[in-house]
Structure formats: C-alpha cells, structure tokens
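Please walk me through this protein structure. Start with one residue, then widen the view to the whole fold.

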Amino acid sequence: MLHIALLNKMDRVSRGQVVSNGIVDGCEYLKAYDLRSGWIHNGGSRSPRIVAIPGDLEGLLRDPFAELYIHHNHPDGVSFSRGDLALALDVGNRARGKLFAHGHDGSTYGVALANRESIEALHRRASDSVERTLRSLVFDSQVPMQVAKNHFAHVICQALDVAGVIHYEFAVSKTRIDEWQRYANYLEEAVTAAADAVGR
C-alpha cells in the first residue's frame, strides 16, 4: 500500500537541520521534539550509520501522553534500518508520533510509532526473504546489484507495511522513483514474497 510522507512546517525545518548537518561531514544527526511538552533535542554522531538516542527520549517513548516526532538523516538515502524500526516499534513504547529518516538525495521515509512484540524477528523474516529474492534477481541479471542495494531497506519496509506490522510512508527522490519504475515488477515481487514470509 502506498502512503506518501507529508511534513508539517516544524518537520520540514527538522529535516533541513539534520540533512544540512549531515552533508557537512557525512554523519547522522538527530532532532526530536514532543509536541505536547515542547521538549526538543538536537544531537549528532561521528558515524554515517548510527546516531545515539538520548535517555530522555527513551523515557518519552514510554510516556502515553507524549507526541514525538523524531528526525534523523541517512547520508546514503536508504530507508529504515533494523535498529531504526526497533526504536520506533519497541514493545515498551506508549508515545504517539513518527520516526523519520531523511536521505541526502531528497528522499524521506516515515513510520508511525507503535509497540510490537518481536519486531526484530519479524524484520529478520522480511529481510531474509528480500535478500533471497533480490540475490536471485541479480544472479539472473533481472535487477542490477546497485539497484538491489539502493532499494533493499525500502522493500523490507513496504513488506512490513503490507503485512500490517508497520504504517510506512515515503516520498523518494526522482532518481529512486525512476529506478523503481524501471524494475517495478521485480521489486514488487520481492515485496509480496517478504510480506508472505512475515505471515501476519
């Protein structure tokens, strides 16, 4: 199912901050805010693949009255990692809101905060299935290796959305749209197989 990520003014500002910081040094940055209390956090890392989660944000994720919007950048422009989804969907979460990942290529991905049992196991099922399908498609020269890498996480997230595990939104860059459309039949085959593998 297609859900288009739409950003309000504060979310657009947050996207701009984490992406512009990340473009400077190629690392991940975090901006989070609680709409209810006015709490705001800005943070960064020295890594292109991970950013630290502050303790007060972890506490707010367990607050049923919090409405959190958590923004971070992905320098490579790909969708959510297993760690991202583990944060957004931790079984202890009680807050409402969304986690966003913003690519330096202009792509934006969003997932609604929720609590899910066994999110890491469900992600692993989807990931294993997507890897098998894409590996076969690359081996058969149906999909180029770089296209498979570019869309690997996006296919997993779409499969988890189709399976009802997450509510996933995205607005990807023109380059990614063009790639997807060129290989849509094969990539959608990977989504369907992975959603079936999750089996919810």
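Ser-141 is exposed, with a relative accessible area of 65%. Exposed means over 50% relative accessible area, buried means under 20%, and partly exposed lies in between, using a 1.4 Å probe and protein chains only. The backbone of Ser-141 has a positive phi of about 60°, although Ser-141 is not a glycine. Ser-141 lies in the loop between helix H4 and helix H5 (145-162). Helices (H or I, at least four residues) and strands (E, at least two) are DSSP runs, numbered from the N terminus.

A word on the source. This is a predicted model, in which local features need pLDDT of at least 70, side-chain atom pairs count only at pLDDT 80 or more, and totals for chains, interfaces and linings use all residues. Residues are numbered from 1 along each chain as its sequence is written, and side-chain values use heavy atoms, with hydrogens and water left out.

Ser-118 is another serine to look at. It has a positive phi of about 60° and is not a glycine. Find Ser-118 in the loop between strand E5 (108-112) and helix H4 (119-139). Ser-118 is partly exposed, with a relative accessible area of 49%.

Now step back to the whole chain. The protein has seven helices and six strands. Along the sequence they follow the pattern α-β-β-α-β-α-β-β-α-α-β-α-α. What radius of gyration would a compact globule with 200 residues have? It would be near 16 Å, and the protein agrees because its own value is 16 Å. The radius is taken over C-alpha atoms, and the globule rule is 2.2 Å times the number of residues to the power 0.38. Along the principal axes, the C-alpha atoms fill a box of roughly 50 × 40 × 30 Å.

Of the 200 residues, 52% are buried. Contacts also reach along the sequence. Among contacts with a separation of 6 or more, 70% come from residues 24 or more positions apart. A contact means heavy atoms within 4.5 Å. The protein exposes about 9700 Å², and carbon and sulfur atoms supply 53% of it. These areas come from the Shrake-Rupley method with a 1.4 Å probe; for residues, only the protein chains shown count as cover.

Next, the strands. Strand E1 (residues 29-34) is mostly covered, with six of its six residues buried. In a regular strand the side chains alternate between the two faces of the sheet. In E1, Tyr-29, Lys-31 and Tyr-33 point one way, while Leu-30, Ala-32 and Asp-34 point the other way, and all are buried.

E1 pairs with strand E2 (residues 40-44) in the antiparallel sense, over five bridges. Two strands pair if DSSP finds at least two bridges between them. Tyr-33 has Ile-40 as its bridge partner in E2. The hairpin of E1 and E2 has five residues between the strands, and there Gly-38 takes a positive phi near 85°.

E1 is also joined to strand E3 (residues 67-74). The two run antiparallel, with five bridges. Here Tyr-33 stands opposite Tyr-69.

E3 is mostly covered too: eight of its eight residues are buried. Glu-67, Tyr-69, His-71 and Asn-73 point one way from E3. Leu-68, Ile-70, His-72 and His-74 point the other way. Which way does E3 run relative to strand E4 (residues 96-103), parallel or antiparallel? The two run parallel, joined by eight bridges. Glu-67 stands opposite Arg-96 in E4.

Return to helix H4, where Ala-126 has its place. Is Ala-126 buried or exposed? Ala-126 is buried, with a relative accessible area of 0%. Neighbours within four places in sequence aside, Ala-126 is in contact with Ile-156, Leu-160, Ala-194 and Val-198. Ala-126 and Ala-153 are 27 residues apart in sequence, and their C-alpha atoms are 9.9 Å apart in space.

Finish in the segment before helix H1 (9-25), where Asn-8 is found. At 38% relative accessibility, Asn-8 counts as partly exposed. Asn-8 and Leu-99 are 91 residues apart in sequence and 14 Å apart in space, C-alpha to C-alpha.
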